[in-house]
Amino acid sequence: MRLPIVCPSCENSLLVSQMKCGNCETEVNGKYDLPFYFKLSREEQDFILEFFLSSGSIKEMAKQAGNSYPTMRNKMDDLIEKINQLKNLQ
């Protein structure tokens, strides 16, 4: 099961409020922001993972996805812009 990142009611970003150790059962409670990576959509997270696994080659990613290089480059540029916006909000 994947960690939800947006509220199912209002679609606002969720906060982490509790974590639990699977080994010793210690619980940590509070109000914590998710790392910016988890504020990205699953599709955006997958894109970053594929970029990493293709050794940072947009050309290879485009080939594997059956897209043109410019299409993949535009996706990358859009994602970079979104990440910069998220960083500026912190």
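This is a predicted model: local features need pLDDT of at least 70, side-chain atom pairs count only at pLDDT 80 or more; totals for chains, interfaces and linings use all residues.
Helices H2 and H3 cross in a right-handed way, where right-handed means the near helix is turned clockwise from the far one by less than a right angle, and left-handed means anticlockwise. Residues are numbered from 1 along each chain as its sequence is written, and side-chain values use heavy atoms, with hydrogens and water left out.

**How H2 meets H3**

- Two packed helices are described by the angle between their axes and the distance between the axes.
- For H2 (residues 58–65) and H3 (residues 69–89), the axes come within 9 Å and cross at roughly 115°; the axes are lines fitted to C-alpha atoms, for helices over the stretch in contact, and angles run from 0 to 180 degrees between N-to-C directions.
- H2 and H3 are therefore roughly perpendicular to each other, a label for angles of 65 to 115 degrees (under 35 is roughly parallel, over 145 roughly antiparallel, and the rest oblique).
- On the H2 side, the contact is made by Ile-58, Lys-59, Met-61, Ala-62 and Ala-65, and on the H3 side by Tyr-69, Met-72, Arg-73 and Met-76; contact means heavy atoms within 4.5 Å.
- Sort those contact residues of H2 and H3 and you get seven nonpolar, two charged and no polar ones; Ala, Val, Leu, Ile, Met, Phe, Trp, Tyr, Cys and Pro count as nonpolar, Asp, Glu, Lys and Arg as charged, and the others, Gly among them, as polar.

**How H1 meets H2**

- The axes of H1 and H2 come within 9 Å, crossing at roughly 115°, and this crossing is right-handed.
- Here Phe-47, Glu-50 and Phe-51 of H1 meet Ile-58, Met-61 and Gln-64 of H2.
- That H1 and H2 contact splits into four nonpolar residues, one polar and one charged.

**The strand pair**

- E1 (residues 16–20) and E2 (residues 27–32) run antiparallel and are joined by four bridges; strands pair if DSSP finds at least two bridges between them.
- One of the bridge pairs links Lys-20 with Glu-27 in E2.
- The hairpin has six residues between E1 and E2, and Glu-25 takes a positive phi there, near 70°.

**Residues to look up**

- Glu-25 sits in the loop between E1 and E2, and with a relative accessible area of 46% Glu-25 is partly exposed (buried is under 20%, exposed is over 50%, partly exposed is in between, using a 1.4 Å probe and protein chains only).
- Ser-55 isn't a glycine, yet its phi is positive, about 60°; you'll find Ser-55 in the loop between H1 and H2, exposed at 70% relative accessible area.
- Gln-45 belongs to H1 (residues 42–53) and is buried, with a relative accessible area of 10%.
- Leaving aside neighbours within four places in sequence, Gln-45 is in contact with Ile-5, Tyr-37, Phe-38 and Leu-40.
- Val-6 lies in the segment before E1 and counts as partly exposed, at 40% relative accessibility.
- Not counting residues up to four places away in sequence, Val-6 touches Glu-11, Asn-12 and Leu-14.
- The C-alpha atoms of Val-6 and Glu-27 are separated by 23 Å, with the two residues 21 apart along the chain.

Notes. Helices (H or I, at least four residues) and strands (E, at least two) are DSSP runs, numbered from the N terminus.
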